[in-house]
Amino acid sequence: MNDYNAVDQTILAQLREITGDEHVIDDPEKLAAYKTDEETNPRYHHLPEAVVFPGSVNEVAAVMKLANRRLFPVTPRCGGTSLCGGAIPARGGIVMVMTRMNRIKEISEQSLYMTVECGARTEDVQKAANAKGLLYAGDPCSADSCLIGGNLATNAGGNKAVRYGTTRHQVYSIEVVTPLGEIVNLGARLNKKTTGYCLEQLIIGSEGTLGIITGAVLKLVPLPPYRIDLLAIFTDVDKAIDIVPQIIKAGINPTSIEFMANNAIQSAGRYCDLRFAHFADGSYIIVTVETFSEDELEQKAVLLDELCSEGGAAEVLEADERVWRLRKAYSEAARSESKVNSHEDIVVPVDSIAAMLKKMNEIEKKYNLEVRTVAHAGDGNIHFIPLKMDMSDEEWEETLDKFHAEVYEYVYSLGGRLSGEHGIGCKKVDTMERFTDPVELKIMKTIKKALDPNGILNPGKIFTLD
Ligand SMILES: Cc1cc2nc3c(=O)[nH]c(=O)nc-3n(C[C@H](O)[C@H](O)[C@H](O)COP(=O)(O)OP(=O)(O)OC[C@H]3O[C@@H](n4cnc5c(N)ncnc54)[C@H](O)[C@@H]3O)c2cc1C
């Protein structure tokens, strides 16, 4: 199954015929940019044999048909911001970069939808909706550099998921090129549908292993005109976390509830030169509330203030965009401390976040690791970045493996999962095999084999096939 052919001169010539000469790269120096995405550990890097930039769905389909005839792997790539090695060509072959297919084709203010190509940048999609007084609610922290196709492929979450859901909830339908090179539209612009299997939702979140998403019809919603951001500062981390379910239960319907541990506040604060109160000993809860009336906003802000103050907040402040700058700098700040690090993305039930953080703290201490921690706390999604400080490469890999093993064991004991939004990619294949129910894994592999009998599309991701 995995006996692939090299991308030779004949294949290169055929690729050039499909996309045009200038849209195929095979110069090793230029290929180097595609050996990784945001993954910094060279252990996972892999040089592609060629990179192709298709300009239309028909070109994507033609490349996939060629790949099946000549048996070489294809790794789809949009913005390349994956944090789990998802866009790395783990088994070589070609990387298919979707950036040329970047049009926003239609916005319907009347019927609240937007038709896009997969290479449209997420922030451009958000801005285009906002310009019409509408909201596209997908909002990963990487919105300025990731693309809609990548968001769909990973079911990206982000800051607004607590109110609006993840990317899969923002979609009516997708245009897909199957692993065998057929073109199909899955889903429809309907608010309900029980007409056979929901295949669009199977492809969304499959990390580019079941089909190449070339376009989508996205849902838009009215943009709430009133907004407030509050920063609740706690000196007791347990109290900070305890406030999260209370905010949800109070019916405030916040757009975001984010948590920053003190280690992340200090790291991001130094990186952006931003200091808020309790810089040295605080844990932050950032809450955004958006409403359609000023009165409702006022009421909810008062209620939030009361809840947080009664819940033990040392201070509750009205915040501005600086607090989001701090939160969004989390990844870059950690990277500036140590180029070698590991982005983690576990998810646990919201009522288990406190237990998880406590346990992680114990394990960090046991292995003497420096870790930076934040959470999309409203949906139980904890991000943590262990940093390689004073240790050899061997020590780092060994320590990280042991640290992960204990963390994931605990995550699963709480009913959690390995990833809330970044995905499995090539980084967590072994862990996926270890922690996933064998029957569940067998079903996934059966689906993969049925859709991609030659194992062409993004091999080496999520799991390996025998
Ligand atoms: C600073 C920073 C902050 C981040 N914050 C968030 C966050 O808040 N929430 C979140 O969910 N993620 C976050 N991420 C991770 C990342 O941005 C998301 O996973 C994003 O959805 C990836 O989009 P991309 O366009 O960069 O995709 P890529 O990295 O190019 O690809 C991601 C995966 O999708 C596949 N793929 C790409 N395009 C297609 C396509 N057209 N069809 C089929 N498969 C495809 C790839 O093969 C790969 O497996 C963050 C990353 C960074 C660096």
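Residues are numbered from 1 along each chain as its sequence is written. In this predicted model, local features need pLDDT of at least 70 and side-chain atom pairs count only at pLDDT 80 or more, while totals for chains, interfaces and linings use all residues; side-chain values use heavy atoms, with hydrogens and water left out.

**Aromatic pairs**

Rings of Phe, Tyr and Trp (its six-membered ring) pair if their centres lie within 6.5 Å; planes under 30 degrees apart count as stacked, over 60 as edge-to-face and the rest as tilted. The count by this rule is five aromatic pairs. Select Tyr34 and Phe53 to begin: this pair is edge-to-face, with 6.3 Å from centre to centre and 80° between the planes. The pair links distant parts of the chain, 19 residues apart: Tyr34 is in the loop between α2 (28–31) and β2 (50–52), and Phe53 is in the loop between β2 and α3 (57–70). Helices (H or I, at least four residues) and strands (E, at least two) are DSSP runs, numbered from the N terminus.

Are these two residues, Tyr34 and Phe53, buried or exposed? Buried means under 20% relative accessible area, exposed over 50%, and partly exposed in between (1.4 Å probe, protein chains only). Tyr34 counts as buried because its relative accessibility is 15%, and Phe53 counts as buried at 14%.

Next, select Tyr412 and Phe435, whose ring centres are 4.8 Å apart and whose planes are at 25°, so the pair is stacked. Tyr412 lies in helix α14 (residues 393–413) and Phe435 in helix α15 (residues 429–435), 23 residues apart, and the pair links distant parts of the chain. Phe435 is buried, with a relative accessible area of 13%.

**Charges over rings**

A charge sits over a ring if NZ of Lys or CZ of Arg is within 6 Å of the ring centre and within 35 degrees of the ring normal. Select Lys219 with Tyr172, where the charged end of Lys219 sits over the ring, 5.3 Å from its centre. Then select Lys359 with Tyr410, where the corresponding distance is 5.4 Å.

**Cavities**

On a 1 Å grid over the protein atoms alone, a cavity is a set of points where a 1.4 Å probe fits but cannot get out, and a pocket is an open set with protein on both sides within 12 Å along at least five of seven lines; lining residues have an atom within 4 Å of a point. A search of the whole structure finds two cavities of 30 Å³ or more.

For the largest cavity, with a volume of about 100 Å³, select Pro459, Gly460, Phe463, Thr464 and Leu465, which lie nearest its centre among the 12 lining residues.

The second largest cavity has a volume of about 50 Å³. Residues to select in its lining include Glu38, Arg335, His343 and Lys427. At least three lining residues come from each of domain 1 (9–100) and domain 4 (338–413).

**The second largest pocket**

Finish at the second largest pocket, which has a volume of about 860 Å³. Select Gly205, Glu207, Ile424, Met432 and Met444, the closest to its centre of the 40 lining residues. The largest share of the lining, five residues, comes from α16. Domain 2 (104–222) and domain 4 (338–413) both give residues to the lining, so the pocket lies between them; domain bounds come from an automatic or database domain assignment.

Conventions
Grid points are joined across faces, edges and corners, and a volume is the space filled by probe spheres set on the points.
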